[in-house]
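Dear colleague,

I am passing on the structure we spoke about, with some notes on what was found in it. Please read them with the structure open beside you.

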Amino acid sequence: MSTEMTATAPTAVDFWFDPSCPWAWMTSRWVDEVARLRNLEVTWHVMSLAVLNENQDVSEDYRAFLPRALRYTRLVAAAQQEFGQAIVKPLYDALGMQIHPGGSTDPDTVISQALAEVGLPPEFADHSETDAYDAPMRASHFDGIGRVGQDVGTPVIAVNGIAFFGPVISPAPIGEEAARLWDGVVAVAAYPGFFEIKRSRTVGPIFN
């Protein structure tokens with residue numbers, strides 16, 4: 001392989017998300033922005049807050065939210081199995097725009113509008129309420145979470161095989177600021193002995 005080809009080869013990025021997570025949503029917008037400025041080849045994978053928390057002691061409010069979250073992950077998993085990898089990101093974008101900037105908490109409305117946006121039939125919504133594709137959904141979830149450990153959440157990002165949770169950001173940076181943050185996060189994550197850097201959140205999700 002020539003030096004020129006090596007220099008222009010894309011960076012392989014894998015991104016695990018739960019469509020319901022606002023923090024994953026903002027991180028995904030950041031990765032989209034970085035992909036405009038850096039040569040990234042991003043593969044999008046579903047993971048599940050419902051699976052992550054199924055044996056955990058969580059609040060009643062959070063537990064009540066998990067069935068809704070599970071519907072979205074099941075829908076994305078079914079779409080991937082039936083229509084291939086190319087549908088995953090468009091469907092995530094269509095769901096996420098309604099859930100996060102749109103603020104919708106009605107899964108029936110969110111799902112029907114998202115399916116229409118990506119050109120899938122209305123009856124495909126039935127997949128959100130069955131466990132037909134739970135096996136590949138769980139496999140995708142555990143593939144991502146297994147790279148970083150059980151004490152984290154969504155998103156999980158792997159860059160050339162080096163995986164980390166987050167970053168948790170608000171709002172998502174744009175332009176060169178986004179690229180600088182990317183370079184720094186990847187550099188930190190690449191050090192084998194690096195495990196954690198954290199500070200308390202002072203703002204909630206800020207959707208641009």
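The face of α8 turned away from its buried side carries E177, R180 and A187, which are exposed (over 50% relative accessible area, with buried meaning under 20% and partly exposed in between, for a 1.4 Å probe and protein chains only). This is a predicted model, in which local features need pLDDT of at least 70 and side-chain atom pairs count only at pLDDT 80 or more, while totals for chains, interfaces and linings use all residues. Residues are numbered from 1 along each chain as its sequence is written, and side-chain values use heavy atoms, leaving out hydrogens and water.

Helix α8 spans residues 175–190 and reaches 23 Å from its first C-alpha to its last, close to the 22 Å expected at 1.5 Å a residue (that is, 1.5 Å times one less than its number of residues); helices are DSSP runs of H or I with at least four residues, and strands are runs of E with at least two, numbered from the N terminus. The buried residues of α8 are A178, A179, W182, V185 and A189. They lie on the same side of α8 because they cover an arc of only 130° around the axis, taken from the directions from the helix axis to the C-beta atoms. These buried residues pack against elements including α2 (22–37), β3 (156–159) and β4 (162–165), where contact means heavy atoms within 4.5 Å.

W30 touches, among others, A178, W182 and V185, not counting residues up to four places away in sequence.

β3 and β4 pair in the antiparallel sense over four bridges, pairing requiring at least two DSSP bridges between two strands. They form a hairpin with two residues between them, and N160 in the turn has a positive phi of about 50°.

Best regards
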